Amino acid sequence: MRDVPPRALTIAGSDSGGGAGLQADLKTFLCCGVHGMSAVTAVTAQHSRGVVGVHALPGSFVAEQVVAVASDIGVDATKIGMLANRDVVDAVVDVVGSVDLGPLVVDPVCASQHGDPLLADDAVHALTSRLFPLAVLVTPNLPEVKVLIGLEVRDPAGMREAARRLFDLGPQWVLVKGGHLDPESAAVDVLYDGSSFTELTAPRHPSVHTHGSGDTLAAATTAALARGLDVPAAVASAKSFITSAVDGSFPLGSGRGPVGHFWRIRA
Ligand code: PXL
C-alpha cells in the first residue's frame with residue numbers, strides 16, 4: 001500500500017464555470033500533489049462574464065461537511081474562500097475551533113472579478129474579528145483590503161500599511177496581493193509576519209484571463225503547507241505556481257477565461 005499523500009481541505013463556494021472557487025482549489029491541490037477535499041459553502045451559477053445566481057448552504061451543513069472529513073480522513077491544511085453570509089461565517093468559525101484542520105489560509109473573498117458580491121456586508125465584521133485570529137495566513141487583494149479595513153491602497157507603501165493593520169486583527173501572517181496596482185508595474189505581493197516585510201515580485205503577464213487567480217494562489221499555498229513547508233516557503237512556491245498558471249491562462253466563453261491550473265500536465 002502507498003503512503004497517504006498530504007490532505008488539503010477547501011471550504012469554499014462552487015463556480016459552475018470551473019475557473020474559481022472550490023473547482024480552482026481542487027484542481028490546484030491535484031496539480032500540487034495533495035489529496036483535495038471540499039466543504040461547499042455556496043453554489044454559484046456563473047459564466048465568463050459574471051455571477052448570475054448564488055445559493056448559500058445552511059451554515060450547519062457547511063460545518064457538517066467539515067466535521068465529516070476531519071473526523072475520519074484527517075486534514076493537513078485548510079483553505080477558506082467564499083463564505084457568502086454571516087450564518088456561514090459563524091458556523092465556520094465555530095467548527096474551525098472545534099476540529100483539527102491544520103494551518104488555516106483565509107482568502108477573504110468579498111466579490112468576483114466582475115464586481116458581483118460574494119460576501120454579505122453584515123458578514124465582514126465577523127470575518128475579520130472572529131475568523132482572522134484563527135488564520136495562519138490571510139491573503140486579501142486590494143479591493144478586499146478596502147472592504148475589510150476601509151483603506152484605499154495605491155502603492156507598495158500603502159500595501160505595507162494595510163498588512164500592518166490586517167496583522168493587528170490577529171492572523172500570524174498577512175499576504176497583501178498587488179495584482180490591482182498600476183498595470184504598468186510588476187506584480188508585487190507583500191508578506192508580513194508582524195516584524196518584517198518580504199516583497200514577492202513577478203513580471204506581470206498581459207493576460208485578461210485571470211479568473212480564479214486569487215483562489216489558485218491561496219490553494220497552492222495551502223497545498224505547500226499541507227506538504228510541511230513553512231509560510232514563507234509555501235507562499236514563494238505558490239507565487240511561482242500562479243505565475244506559470246497565469247502564463248498558461250486561456251480564453252473561454254465571451255468574457256474572461258481562467259488561469260491554467262493544469263499548466264504542468266497540459267497537452
Ligand atoms: O475568485 C473569487 C471567487 C471565489 N469563489 C467563488 C467565485 C469567485 C469568483 O468568481 O465564484 C465561488
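**Group meeting: a walk through the predicted model**

Let me start with charge: the mean positions of the 19 positive and 27 negative charges of the protein are 5 Å apart, where Lys and Arg count as positive and Asp and Glu as negative, with His and the chain ends not counted, and where the place of a charge is taken as NZ of Lys, CZ of Arg, CG of Asp or CD of Glu. This is a predicted model, in which local features need pLDDT of at least 70 and side-chain atom pairs count only at pLDDT 80 or more, while totals for chains, interfaces and linings use all residues. Residues are numbered from 1 along each chain as its sequence is written, and side-chain values use heavy atoms, with hydrogens and water left out.

Now the overall picture. The protein has eight helices and nine strands, these being DSSP runs numbered from the N terminus, with helices (H or I) of at least four residues and strands (E) of at least two. Its radius of gyration is 17 Å, close to the 18 Å that the globule rule gives for 267 residues, so the protein is as compact as a globular protein of that length; the radius is taken over C-alpha atoms, and the rule is 2.2 Å times the number of residues to the power 0.38. Along the principal axes, the C-alpha trace spans about 50 × 45 × 40 Å.

Of the 267 residues, 53% count as buried, meaning under 20% relative accessible area, as against exposed at over 50% and partly exposed in between (1.4 Å probe, protein chains only). Taking contact to mean heavy atoms within 4.5 Å, 67% of the contacts between residues at least 6 apart in sequence join residues at least 24 apart.

Ser 16 sits in the loop between strand E1 (7-15) and helix H1 (21-31), and, leaving aside neighbours within four places in sequence, Ser 16 is in contact with Thr 44, Ala 45 and Gln 46. Ser 16 and Gln 46 are 30 residues apart in sequence, yet their C-alpha atoms are 5.7 Å apart in space, and a polar atom of the Ser 16 side chain lies 2.8 Å from the backbone nitrogen of Gln 46.

What covers the buried residues of H1? Those residues are Gly 21, Leu 22, Ala 24, Asp 25, Thr 28, Phe 29 and Cys 31, and their cover includes E1, strand E2 (35-47), strand E4 (77-80), helix H7 (213-226) and helix H8 (231-247). After H1 comes Gly 33, with a positive phi near 75 degrees.

In helix H2 (residues 59-72) we find Gln 65, which is buried at a relative accessible area of 16%. Beyond its neighbours within four places in sequence, Gln 65 is in contact with Ser 38, Ala 39, Val 40 and Leu 57.

Most residues other than glycine have a negative phi. Ala 84, however, has a positive phi, near 70 degrees; this residue is in the loop between E4 and helix H3 (86-96) and counts as buried at 12% relative accessibility.

Finally, Gly 170, in the loop between helix H6 (156-167) and strand E7 (173-177), is partly exposed, with a relative accessible area of 33%. Apart from neighbours within four places in sequence, Gly 170 is in contact with Phe 132 and Pro 133, whereas 29 Å separates its C-alpha atom from that of Asp 182, 12 residues away along the chain.

Definitions and conventions
A polar contact is a pair of N or O atoms within 3.5 Å; within protein, one must be able to donate a hydrogen and the other to accept it, and residues adjacent in sequence count only if both atoms are side-chain atoms.
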